[in-house]
Amino acid sequence: MTEPTIPPTGRIDLSGEGVHWDLGSSQSYAEYLRLDLLLKAQQPLSFEHDEMLFIIVHQASELWIRLFAHELEGVMDCVRKDNLGPSFKMLRRIGKVQNQMQSIWDVLSTMTPADYSAFRNVLGRSSGFQSMQYRMLEFGLGNKNADMVRVQARDPEAHAQLTRALQAPSLYDEVLRLLSRRGYGIPAELLDRDFTEAYVSSKAVAGAWLGVYHNAQKDWELYELAERLMDLDHKFQLWRFHHMKTVERIIGHKPGTGGTSGVSYLAKALELRFFPELWQIRSAM
């Protein structure tokens, strides 16, 4: 029995692979991804080694948030059109994105308090609190707060975009309209309300969701949608918690660079629910 030929270490046989060594008029990988811009966007303001980590972690988070928001808009479009099938794939993808967003805190937590303190002053007043994309995402999920628009005052375009998101129905508002169209008793005042205000839970909505769960075989799509929404809400809370504990690990209870109280501010968000009745009815089933 002959022994298999072992190729030289570190070399792959490319013979017969048909590699396009000459791209001709085609765009390259770097050109398609605009890597000339992307990889030049990391511009540390200090000579501290860990500032590069800090920048990349936050830039990567913004990219994942962008995909999250893109998928969320697709879900909302499906709900508006009463076509839930494609939304389940999008919601599954959102869950995977949330996993990536959470794992980013594991990378950031490798930075010690001394590492961060060495360059923190160069941040000035810049802070994740000012993230336009994150605020758009929260508004789309239903955490409405008109005060949050003020932080975009220096950017008229961002301010106008966030104002529109504040005034628009959230995902949950669209879901409640869907429940109403499917014959579940949603009070009229919840279907056409002031969407700039945060949603307040309703016994009638809780009753509607109980009806969905008790009729899961007949209304499987609504049942599946409810569970996908629970997944999203659950993972968002885990992300918030991990964020808070990472901040506490690195800066303790110092104020944030954006002017908030830091950990104490982040802790306030831990009890927020995007879809409150879906949590409440667990005790009634």
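## Lining of the largest pocket

α3 gives the most to the lining of the largest pocket, with eight residues. Helices here are DSSP runs (H or I, at least four residues), numbered from the N terminus. The model is predicted: local features need pLDDT of at least 70, side-chain atom pairs count only at pLDDT 80 or more, and totals for chains, interfaces and linings use all residues. Residues are numbered from 1 along each chain as its sequence is written, and side-chain values use heavy atoms, with hydrogens and water left out.

The volume of the largest pocket is about 1,600 Å³. Of its 49 lining residues, His-58, Ser-127, Gly-128, Phe-129 and Gln-130 are the closest to its centre. Two or more lining residues come from each of α3 (50-80), α4 (85-108), α6 (132-141), α11 (220-251) and α12 (263-268). The lining has 23 nonpolar, 19 polar and seven charged residues. In this scheme Ala, Val, Leu, Ile, Met, Phe, Trp, Tyr, Cys and Pro are nonpolar, Asp, Glu, Lys and Arg are charged, and the others, Gly among them, are polar.

A pocket is an open set of points on a 1 Å grid over the protein atoms alone, where a 1.4 Å probe fits, with protein on both sides within 12 Å along at least five of seven lines; lining residues have an atom within 4 Å of a point. Points are joined across faces, edges and corners, and a volume is the space filled by probe spheres set on them.

## Second largest pocket

The second largest pocket holds about 460 Å³. It is lined by 20 residues, of which Ala-69, His-70, Glu-73, Met-136 and Gln-161 are the closest to its centre. α3, α6 and α7 (156-167) each give two or more residues to this lining. Here too α3 provides the largest share, eight residues. By class, the lining has eleven nonpolar, five polar and four charged residues.

## Two positive phi values

Most residues other than glycine have a negative phi. Arg-34 has a positive phi, near 55 degrees. Arg-34 sits in the loop between α1 and α2 (35-38). Its relative accessible area is 46%, so Arg-34 is partly exposed (buried is under 20%, exposed over 50%, partly exposed in between; 1.4 Å probe, protein chains only).

Asp-82 also has a positive phi, near 60 degrees. Asp-82 lies in the loop between α3 and α4. At 31% relative accessibility, Asp-82 is partly exposed.
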